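Good morning, colleagues. I shall present one structure today, and I ask you to keep it in view as I speak.

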Amino acid sequence: MTEQNSVLASMGTATWSAEDGTAYEVALEGINHVVGAYSGRIREAREAGDGEKALVLLEERAAWSKKRRSLSPADRSAVDALTAESAEVLANLRGSAR
């Protein structure tokens with residue numbers, strides 16, 4: 001494969017540091033855990049026949065999915081904020097009574 005046909009040829013240079021990239025990956029992992037925790041809670045609400053609670057949880061999960069899509073490794077302050085927020089939300093989701 002020639003360089004001009006390579007996927008890497010059109011990527012350009014990163015605008016963030018390796019540390020920023022690592023922080024971004026950590027933030028994504030935290031968000032993924034939050035989304036997964038919401039999925040479990042949605043399943044529990046549906047199994048309990050609580051459709052209203054399931055809808056609220058679906059909206060909250062969708063909001064976290066939106067945050068994940070909008071996050072950029074170039075925005076370190078947003079990355080750090082979401083890492084902290086996801087840790088707090090995950091602790092609440094895991095610790096609250098079911």
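This is a predicted model: local features need pLDDT of at least 70, side-chain atom pairs count only at pLDDT 80 or more; totals for chains, interfaces and linings use all residues.

As for aromatic pairs, a search of the whole structure returns 0.

Trp64 also leads us to the packing of the helices, for it is one of the α2 residues that meet α1. In general, two packed helices are described by the angle between their axes and the distance between those axes. Helix α1 covers residues 18–47 and helix α2 covers residues 51–70; their axes are 9 Å apart, at an angle of about 165°. Because angles over 145 degrees count as roughly antiparallel, α1 is roughly antiparallel to α2. The crossing of α1 past α2 is left-handed.

Which residues meet in this contact? On the α1 side they include Leu28, Ile31, Val35, Tyr38 and Ile42, while the α2 side includes Ala54, Leu57, Leu58 and Arg61 along with Trp64. By class, the contact of α1 with α2 comprises 11 nonpolar, 3 polar and 6 charged residues.

I turn now to helix α3, residues 76–95. The axes of α1 and α3 come within 8 Å and cross at roughly 30°. Since angles under 35 degrees count as roughly parallel, α1 is roughly parallel to α3. Here, too, the crossing is left-handed. The residues in the contact of α1 with α3 divide into 13 nonpolar, 4 polar and 6 charged.

Thank you for your attention.

Key:
Residues are numbered from 1 along each chain as its sequence is written. Side-chain values use heavy atoms; hydrogens and water are left out. Axes are lines fitted to C-alpha atoms, for helices over the stretch in contact, and angles run from 0 to 180 degrees between N-to-C directions. Helices (H or I, at least four residues) and strands (E, at least two) are DSSP runs, numbered from the N terminus. Angles under 35 degrees count as roughly parallel, over 145 as roughly antiparallel, 65 to 115 as roughly perpendicular and the rest as oblique. A crossing is left-handed if the near helix is turned anticlockwise from the far one by less than a right angle, and right-handed if clockwise. Contact means heavy atoms within 4.5 Å. Ala, Val, Leu, Ile, Met, Phe, Trp, Tyr, Cys and Pro count as nonpolar, Asp, Glu, Lys and Arg as charged, and the others, Gly among them, as polar. Rings of Phe, Tyr and Trp (its six-membered ring) pair if their centres lie within 6.5 Å; planes under 30 degrees apart count as stacked, over 60 as edge-to-face and the rest as tilted.
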